[in-house]
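Q: I'd like to learn how to read a protein model feature by feature. Could you walk me through one?

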Amino acid sequence: LALMGAALAGLWWLAGRPGLLIRANTFFGVMGLLLVAFLGARVFADQLRARSQLGNSVLARRLSQPIPLKSHPKSEPLPDIYIVILDEYANSNVLRERFGFDNRAFEDSLRRLGFSIPTLVRSNYAQTRLSLPSLLNFSYLTDLERELDPRQTDPTLPNHLVENNRTVSFLKSRGYRFVFFPSQWWISTERNRHADFQFSAWKGFHLGRAATRSDLRRAFVTRTPLALLHGDHHDADYVKRVLGRLAQLPSDSAPTFALAHILSPHKPYVFDAHCRPLAKRPERRWGQGREKDYLEQVQCLNHLLLGTVTKLVQGPTSDPIILLVGDHGTNSLGYNSAASAEAVSPEQARERFGTFGALRLPGGSNAGIPDSVTLVNLIPIILNSYFDSALPLSPDSLYMSLDQTPYLFARVDPAALSPRQ
């Protein structure tokens, strides 16, 4: 109120001095133009730097090389392959230890459908921008620390590795049709130019739905009066439409590789445990009720996923390969508030690295799935088991970094993350 009063007083004072008002108007106009020019130059320079880093990236060139095969490709019918990435879906250990939640009913239902669920699944990185390219390229990304300024946060190179990943390249070379289910608002998975078909949840233009289609739009809308357009039911509807359309893919005759990134159970929390859209989005913090909001979304997602994978498994085509996987665990202990990656505690790292994973291979091939695995090795297990590729499994290494310094890695000893007795 004091600032508003001072501003009004200043305007009243200027109104009685036309000459000064004209000079002030000219000054602020010129300063505005200079500011726009300066910011435009910064954006242009950042784009040039990102393109240069991408063009000079040894990592990007290495990951563009063909995958080695041990023998000639097999000629039997190719199974459909579905990879569903579930953002911030924690594994059973984290759900039990941090939230007192028992996820065995869901996991047992998956096992009855032919899934194998390792006792321990961990992400190799703490952030989506790193976990996704590492998973889809079955490679570590520690070279980014040399190729990029560790102080920068530009996602151009990791995003390039997500879109131009080795999994898509290999499967398309084997005759697969690539069906892409983009995330609703995460920039790294908003589109894929290699897709033969890209899912679109809605037809036509709707201002409220359009406001949900990027993180920038969502941030702008929720901080302005436009928040009235931002109904939470759009988020809930998008998740249901993705999983509903995914379940219909077996009706296609061509061998299909489907990749979906679903921003759930990550916030915003838009479902209750029975999948009823919430009338108002909860914004509670960890330790103040957010645990309940997260768990209700997990329970709803479990129900929706079971419906989808049941239809996939019982569909008219051959036994499908299905991978359900989280990109990382939760952050109720606030790992990202640490002073540095090295300062993240073992308890914080254990929670963040503990992610969900369930894998179904055709023909009872699940026996080759290890009981402890990290995300970097899941797709090599699939390709080696069925396509006779010659991909060596990587050591199950863990690399911590923080949001403000994503490319400054601290290696974490997995043995240090064992729960205290």
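Q: Let's start with two tyrosines. Is Tyr125 buried or exposed, and what about Tyr399?

A: Keep in mind that this is a predicted model. Tyr125 is buried, and Tyr399 is buried too. The cut-off for that word is under 20% relative accessible area.

Q: How are the rings of Tyr125 and Tyr399 arranged?

A: Here's the general idea: a pair of aromatic rings is described by the distance of the centres and the angle of the planes. In this structure there are 18 aromatic pairs. One of them joins Tyr125 and Tyr399, with 5.9 Å from centre to centre and 20° between the planes, and it is stacked. These two tyrosines come from distant parts of the chain: Tyr125 sits in the loop between strand 2 and helix 6, while Tyr399 belongs to strand 9, 274 residues apart.

Q: Why does the pair of Phe178 and Phe257 count as stacked?

A: Look at the angle. Planes under 30 degrees apart count as stacked. The ring planes of Phe178 and Phe257 are at 15°, with centres 5.5 Å apart, so this pair is stacked. The pair links distant parts of the chain as well, with Phe178 in strand 3 and Phe257 in strand 5, 79 residues apart. Both phenylalanines are buried.

Q: Which residues do ring pairs link into a cluster?

A: Phe99, Tyr269, Trp286 and Tyr294 are joined that way.

Q: What about charged side chains? How many salt bridges does the structure hold?

A: The general idea first: side chains of opposite charge can pair when their charged atoms come close. This structure holds 16 salt bridges. In one of them, Lys172 and Asp196 meet at 3.0 Å, N to O. Lys172 is in helix 9 and Asp196 is in the loop between strand 3 and strand 4, so their bridge ties together parts 24 residues apart in sequence. Lys172 is partly exposed at 31% relative accessibility, and Asp196 is partly exposed at 45%.

Q: Which residue forms a salt bridge with Arg62?

A: That's Asp143, and the closest N and O atoms are 4.0 Å apart. Arg62 lies in helix 3 and Asp143 in the loop between helix 6 and helix 7, 81 residues apart.

Q: Now helices. Why is helix 15 described as largely enclosed?

A: A general point about helices: an α-helix has 3.6 residues a turn, so residues three or four places apart point the same way. In helix 15, seven of the nine residues are buried, so the helix is largely enclosed by the rest of the structure. Among the buried ones are Leu378, Pro380 and Tyr386. The buried residues pack against several elements, including strand 1, helix 6 and helix 9. Just after helix 15 you'll find Asp388, which takes a positive phi of about 60°.

Q: Last one: how much space lies in the largest pocket, and which residues are closest to its centre?

A: About 1,100 Å³ of space lies in the largest pocket. Of its 36 lining residues, Trp185, Asp215, His266, Lys267 and Arg290 are closest to the centre. Helix 11 gives the largest share of the lining, four residues. By type, the lining divides into eleven nonpolar, eleven polar and 14 charged residues.

Definitions and conventions
Residues numbered from 1 in each chain as written. Predicted model: local features only at pLDDT ≥ 70, side-chain atom pairs only at ≥ 80, totals over all residues. Heavy atoms only, no water. Buried < 20%, exposed > 50% of the residue type's maximum accessible area, 1.4 Å probe, protein only. Contact = heavy atoms within 4.5 Å. 1 Å grid on protein atoms, 1.4 Å probe; cavity = no way out; pocket = protein on both sides within 12 Å on 5 of 7 lines; lining within 4 Å. Points joined across faces, edges and corners; volume = space filled by probe spheres on them. Nonpolar A, V, L, I, M, F, W, Y, C, P; charged D, E, K, R; others polar. Phe/Tyr/Trp six-rings, centres within 6.5 Å; stacked < 30°, edge-to-face > 60°.
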